[in-house]
Amino acid sequence: MLGDGVLLVFTDAASAVSATVAIVAECSDRALLPAHAAIAAGRVVRRQGDIYGSTVNLAARLVSLAGPGEVVVEEGVIVALPRGTASFEPIGRVEVRGFPLPVATWRVRPTASG
């Protein structure tokens, strides 16, 4: 936790998407502050109880694309998901500070089951 943000680490993209969508929805359902999130897939560096790396930086920068109640993902997440895990709507390629090329992004599309 850092300020009003939380960093979560998952071992697979499907767990990351389902848990993050559930957390964001739960915050909305309980009338807490409107949560929003971003998910990036890749390696992280664990050092002295903290987590670092370009994957962390990417997720931190992409969260600004997510509105209240939304979850945004980057291409690595889409590629890592088993087919049919979730539905997405494209946002497009966006310039991200600290990354040399534009990053392809999607918004997780709500499903009938949540």
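This report describes the fold, the nonpolar cores and the surface of a predicted protein model.

## Overall fold

The secondary structure of the protein consists of 3 helices and 6 strands. Their order along the sequence is α-β-β-β-α-β-α-β-β. The radius of gyration is 14 Å, close to the 13 Å that the globule rule gives for 114 residues, so the protein is as compact as a globular protein of that length. Along the principal axes, the C-alpha trace spans about 35 × 30 × 25 Å.

Of the contacts between residues at least 6 apart in sequence, 57% join residues at least 24 apart.

In soluble globular proteins, nonpolar side chains tend to be buried together. In this model, the largest nonpolar core has 15 residues, among which Val17, Ile39, Val71, Val73, Val77, Leu81 and Val108 touch the most other members. At least two residues of this core come from each of α1 (13-29), β1 (37-39) and β4 (71-74). The greatest contribution is that of α1, with 6 residues.

Val77 illustrates the packing: leaving aside residues up to four places away in sequence, Val77 touches Ala13, Val17, Ile39, Ala40 and Ala41. A second, separate core comprises 8 residues, including Ala40, Leu58, Ala59 and Leu62.

Of the 114 residues of the protein, 30% count as buried. The accessible surface comes to about 7,600 Å², and 55% of this area belongs to carbon and sulfur atoms.

Terms used:
Residues are numbered from 1 along each chain as its sequence is written. This is a predicted model: local features need pLDDT of at least 70, side-chain atom pairs count only at pLDDT 80 or more; totals for chains, interfaces and linings use all residues. Side-chain values use heavy atoms; hydrogens and water are left out. A nonpolar core is a set of buried Ala, Val, Leu, Ile, Met, Phe, Trp, Tyr and Cys residues joined through side-chain atoms within 4.5 Å. Buried means under 20% relative accessible area, exposed over 50%, partly exposed in between (1.4 Å probe, protein chains only). Helices (H or I, at least four residues) and strands (E, at least two) are DSSP runs, numbered from the N terminus. Contact means heavy atoms within 4.5 Å. The radius of gyration is taken over C-alpha atoms; the globule rule is 2.2 Å times the number of residues to the power 0.38. Accessible areas come from the Shrake-Rupley method with a 1.4 Å probe; for residues, only the protein chains shown count as cover.
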